[in-house]
Amino acid sequence: MKKDVRILLVGEPRVGKTSLIMSLVSEEFPEEVPPRAEEITIPADVTPERVPTHIVDYSEAEQTDEQLYHEISQANVICIVYAVNNKNSIEKVTSRWIPLINERTDKDSRLPLILVGNKSDLVEYSSMETILPIMNQYTEIETCVECSAKNLKNISELFYYAQKAVLHPTGPLYCPEEKEMKPACIKALTRIFRISDQDNDGTLNDAELNFFQRICFNTPLAPQALEDVKNVVRKNLSDGVADNGLTLKGFLFLHTLFIQRGRHETTWTVLRRFGYDDDLELTPEYLFPPLKIPPDCTTELNHHAYLFLQSIFDKHDLDRDCALSPEELKDLFKVFPYMPWGPDVNNTVCTNERGWITYQGFLSQWTLTTYLDVQRCLEYLGYLGYSILTEQESQASALTVTRDKKIDLQKKQTQRNVFRCNVVGMKGCGKNGVLQALLGRNLMRQRQIRAEHKSYYAINTVYVYGQEKYLLLHDVSDSEFLCDDETICDVVCLVYDVNNPKSFEYCARIFKQHFMDSRTPCLVVAAKSDLHEVKQEYSISPADFCKKHKMPPPQAFTCNTVEAPSKDIFVKLTTMAMYPHARLRCMCACNRCTFCICQNFLNSDLLQSVKNKLFTAVLNRLRPHVDELGAMLLADEESSIIHQVHAVSFVEDSIFMESSLDPHLFEDRHMTQADLKSSSFWLRASFGATVFAVLGFAMYKALLKQR
């Protein structure tokens, strides 16, 4: 809505322009009328539309033509005043004033005009018969008002209509010649109907109509009022109501009726509530609300946004197969001015066997858009009506701006849910296979992808320690040097082809140039591991290179499988992105390094058997020495011993967790055989001593209390 309204009064001399202004201000007819009234500003709080209004007078005797032209260019609406008892002033409306105004305004944005017949107190007849043909000839004329400055007839109404012509113009909505709404208005109201039809059944039921009424006019409709509205539609339109709900045709008919009866403000209130401007375009303020994103921060959808997107998916998944067919997807995007997703999206997210985007893929694509282009995400949510349906101030409330990555590194924990992995490797090394494997597609399914529909992104959920996270893979260029944007990520996947002897050299060079001195963790992936492995033409082997630079060993990977490819490397990549401070050196199952020995020992059947036997022996030793009173004490002591054994289990779990997070435990992954035996011996000895110390202390307390 406009911030203010500027009304200009023009007309022949002595028709009463100045008298009209002074009568409005003083609420009485002035005895002495000056040649021209000074510009008057009416505050917003005393106008019906709550908008400041400026009223400007024109005097041919005191102003030049240049000043008149300037005032016309500044005006929002022009009132052409004529005297009802003066036929010459009426003829000048068409012979002078309307042509002069049209010459000074753009044809595509004509100023609204109000015809004002003053001095109606001097005649007993109406000038409307003469004026109606003029109104039919010039569509820019909004209305005609007959008034009298002397007896204050229709003075307030005159300026109200002038203000209304600016704030609620008829031109963009309705075509008087054809007596129907314009295509742009129909398009806007159709989008509003689709957004309001929350169950997507093609009608607005009572609940949806009440919600629509409340969000647009801040008050619900009474049950009888709802029935009255539907009865009006039924009476005039056979298919305006179906299943006791208002159809799209009925919805459009109601607004046509509002406009024809002069209630433009009703339709404009609805249009502006849904984000439209005077040209029936969605405003930038609606589509792109302000959102501050500091450096080194990312954007993610919050819980409320995912719930909203889930409701949108359910609304359009008519066959309930947890996937959107091309027709269902097209129906979903009918509220958009264009189709936002191309065929590459189907190769970016998960799809079903028929190539339709699944529920998980739908959320993943929105997550990707939010991460890569937050402004586009805000725009898309605006088209879907997020702020309206969720009753939020704007769609910015659907987003979370994560904290600076440096803070995550300092605190050694992150609150983010989306992690970006740049996949680096020379052309043909299998990067695209890695991306598609994240989506569960083997080599056979990948070969069905058309070259023009190839995507350089892939995103899917990955579970790390029971937490669902999004891993975003980006296939960066295979040029000699990476640009700055291609080095900004949470983890790097260096891919080389085991069957190509020149493949690893590219990965090594990129690592040394961009990532060797950075804090970004890297993982080397040996792609196409189902093929014959050849010696890489590099100074050292990939395994030795990883050892030298304290990286995990190369991870064998292939997508040439019968079922979906393994997701082990994606779990490892996500784990490294979540815990870059830990610098995990062992992410394998070699059964030789310290990590594997600790894990296997703590989970071994031998340890569990020893623990159970010790617990049974303690209970059997204490049972013969209790009497009736001792039995009560023993019950307490059994509980105490159980707690002690649980404490042992907690110690075991602590050792395991520390071994999985302490970066120093993985520094010497490739130990000599002697060091390995020594560390294993002291680990077993220290753990055994702890177990026996705890059990011995528990037995001592139990025996002491019995005595």
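Reply: Let's go to an open sheet of 6 strands, in the order β2-β3-β1-β4-β5-β6 with mixed pairing. Strands here are DSSP runs of E with at least two residues, helices are runs of H or I with at least four residues, and both are numbered from the N terminus. Two strands pair if DSSP finds at least two bridges between them. This is a predicted model, where local features need pLDDT of at least 70, side-chain atom pairs count only at pLDDT 80 or more, and totals for chains, interfaces and linings use all residues. Residues are numbered from 1 along each chain as its sequence is written, and side-chain values use heavy atoms, with hydrogens and water left out.

Me: Which strands stand at the edges of that sheet?

Reply: β2 (40-42) and β6 (141-146) do, each with a single partner strand, so one side of each has no neighbour in the sheet. From one strand to the next the twist averages 20°.

Me: How do I read the pairing, parallel or antiparallel?

Reply: The general idea is that strands of a sheet pair through backbone hydrogen bonds, either parallel or antiparallel. In this sheet, β1 and β3 are parallel over 5 bridges, and Leu9 stands opposite Asp57 in β3. β2 and β3 run antiparallel, joined by 3 bridges, with Ile40 partnered by Ile55 of β3. Strand β4 (residues 77-83) is parallel to β5 (residues 113-118), with 6 bridges between them; Val81 has Val116 as its partner in β5.

Me: Is β3 buried or exposed?

Reply: Buried means under 20% relative accessible area, exposed means over 50%, and partly exposed is in between (1.4 Å probe, protein chains only). 5 of the 5 residues of β3 are buried, so the rest of the structure largely encloses it. Thr53, Ile55 and Asp57 point one way, His54 and Val56 the other.

Me: What lies across the sheet?

Reply: Look for contact, which means heavy atoms within 4.5 Å. Helix α3 (residues 87-103) lies across β1 (5-11), β4, β5 and β6, at about 160° to β4. Helix α5 (residues 155-167) lies across β1, β3 (53-57), β4, β5 and β6, at about 120° to β1.

Me: How many residues of strand β16 are buried?

Reply: 7 of its 7 residues, 418-424, are buried. Val418, Arg420, Asn422 and Val424 point one way, while Phe419, Cys421 and Val423 point the other. β16 pairs in parallel with β18 (residues 467-475) over 6 bridges, where Asn422 has His474 as its partner. β16 also runs parallel to β19 (residues 491-497), with 4 bridges, and there Val424 is partnered by Leu494.

Me: Now the rings. How do I describe a pair?

Reply: A pair of aromatic rings is described by the distance of the centres and the angle of the planes. Rings of Phe, Tyr and Trp (its six-membered ring) pair if their centres lie within 6.5 Å; planes under 30 degrees apart are stacked, over 60 edge-to-face, and the rest tilted. A search of the whole structure finds 25 aromatic pairs. In one of them, the rings of Phe333 and Trp341 have centres 5.1 Å apart and planes at 70°, so the pair is edge-to-face. Both Phe333 and Trp341 are buried. For Phe362 and Trp366, the ring centres are 6.4 Å apart and the planes at 65°, so this pair is edge-to-face too. Phe362 and Trp366 sit 4 residues apart in helix α14 (residues 359-372), about one turn of the helix.

Me: Where is Tyr338?

Reply: Tyr338 is in the loop between α13 (326-332) and β14 (357-358). At 34% relative accessibility, Tyr338 is partly exposed. Tyr338 belongs to an aromatic cluster whose members include Phe333, Trp341 and Phe362. The side chains of Tyr338 and Glu379 make a polar contact of 2.9 Å. A polar contact is a pair of N or O atoms within 3.5 Å; within protein, one must be able to donate a hydrogen and the other to accept it, and residues adjacent in sequence count only if both atoms are side-chain atoms.

Conventions
Axes are lines fitted to C-alpha atoms, for helices over the stretch in contact, and angles run from 0 to 180 degrees between N-to-C directions.
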